[in-house]
Amino acid sequence: MTAHTVEYIRYRIPEERSAEFLAAYTRAATQLAAAPQCVDYELTRCEEDAEHHILRITWTSTADHLEGFRKSDLFPAFLAEIRPYIADIEEMRHYAPTPVRGPGAAVPSLYDWAGGAAALARLTSVFYDKVLKDDLLAPVFAGLDPAHAEHVALWLGEVFGGPPRYSETQGGHSHMVAKHLGKGITEPQRRRWVNLVQDAADEAGLPTDAEFRSAFLAYVEWGTRLALYFSGPDAAPPAEQPVPRWTWGAAPPYQG
């Protein structure tokens, strides 16, 4: 769970002052955007009662907010903009996240968008057929376990938001990392892996929309760079940790 803290500031702003209030926070937000202690922020307005506004700011920690931002050179300019509205604050508190959290179904997982288990099984089948015929990668996968492609499909399924079948049958993240220890993967081999898996995605019929392929490639880049590192001579196995869960990132799927 993240150590971030969320600050909620609840305002009651009379209708006749709402425009100037929003303008002031638009200017003040420049200081929040520049603050290294600020993760993100959002000002919302109540639909049922337009006088009520809530500012949500996610800080790297409560101490970073109180001792970092408030004592920084950015704070005086921020305070100057919001000072006229301090008397309108009804609540200003920090909240810690709880384990009760998760995505809803409004945005599909990468797993579902890709086509589920069947699509990822096609992907890995096509991909490893290419790998074993590739002069640069075939030596890395000499003596490949016949079930390897199936296991990687389970891994990708869990990473992309599908069922935790890899964790249940093969182990967690550290188990996958262990498969790369001592392999001595080179950068040209990593790059070839990236190129071939993109070709395999085309041949296997995975979605070609920009949003999916952007998220897909982002994971492939991240994962192969970790594999490159952990295959090196000085890499130490990581502590036990869950399989990462990849999301859409900056661009959710376009659903026109």
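The largest pocket in this predicted model has a volume of about 770 Å³. A pocket here is an open set of points on a 1 Å grid over the protein atoms alone, with protein on both sides within 12 Å along at least five of seven lines, and lining residues have an atom within 4 Å of a point. The volume is the space filled by probe spheres set on the points, which are joined across faces, edges and corners. Of the 36 lining residues, Tyr-128, His-148, Met-176, His-180 and Trp-193 are the closest to the centre of the largest pocket. Two or more lining residues come from each of the helices H5 (116-131), H6 (148-159), H8 (173-178), H9 (187-203) and H10 (210-230). Helices are DSSP runs (H or I, at least four residues), numbered from the N terminus. The biggest contribution, ten residues, is that of H10. By class, the lining of the largest pocket holds 23 nonpolar, nine polar and four charged residues. In this scheme Ala, Val, Leu, Ile, Met, Phe, Trp, Tyr, Cys and Pro count as nonpolar, Asp, Glu, Lys and Arg as charged, and the others, Gly among them, as polar.

The second largest pocket contains about 430 Å³ of space. Its lining has 17 residues, and those nearest the centre are Pro-103, Ser-109, Gly-161, Trp-246 and Thr-247. Helix H4 (residues 110-114) gives the most to this lining, with three residues. Ten nonpolar, five polar and two charged residues make up the lining of the second largest pocket.

A cavity is a set of points where a 1.4 Å probe fits but cannot get out, and the count comes to one cavity of 30 Å³ or more. The largest cavity holds about 30 Å³ of space. Around the largest cavity lie His-148, His-151, Val-152, Tyr-166, Met-176 and Lys-179. H6 supplies the largest share of this lining, three residues.

Next comes the packing of nonpolar side chains. A nonpolar core is a set of buried Ala, Val, Leu, Ile, Met, Phe, Trp, Tyr and Cys residues joined through side-chain atoms within 4.5 Å. Buried means under 20% relative accessible area, exposed over 50%, and partly exposed in between (1.4 Å probe, protein chains only). The largest nonpolar core has 34 residues, of which Leu-123, Trp-155, Leu-156, Phe-160, Leu-206 and Phe-216 touch the most other members. H4, H5, H6, H9 and H10 each give two or more residues to this core. Leaving aside residues up to four places away in sequence, Leu-123 touches Leu-156, Val-197, Ala-200, Ala-201, Ala-204, Leu-206 and Phe-216, where contact means heavy atoms within 4.5 Å. A second, separate core of 19 residues includes Tyr-25, Ala-28, Phe-78 and Leu-79.

Individual residues complete the picture. Cys-38 counts as buried because its relative accessibility is 12%, while Cys-46, at 28%, is partly exposed. Zero disulfides are found in the whole structure, a disulfide being a pair of cysteine sulfur atoms within 2.5 Å. Glu-168, in helix H7 (residues 165-169), is exposed, with a relative accessible area of 60%. Between Glu-168 and Leu-154 there are 10.0 Å in space, C-alpha to C-alpha, and the two are 14 residues apart in sequence.

Residues are numbered from 1 along each chain as its sequence is written, and side-chain values use heavy atoms, with hydrogens and water left out. Local features need pLDDT of at least 70 and side-chain atom pairs count only at pLDDT 80 or more, whereas totals for chains, interfaces and linings use all residues.
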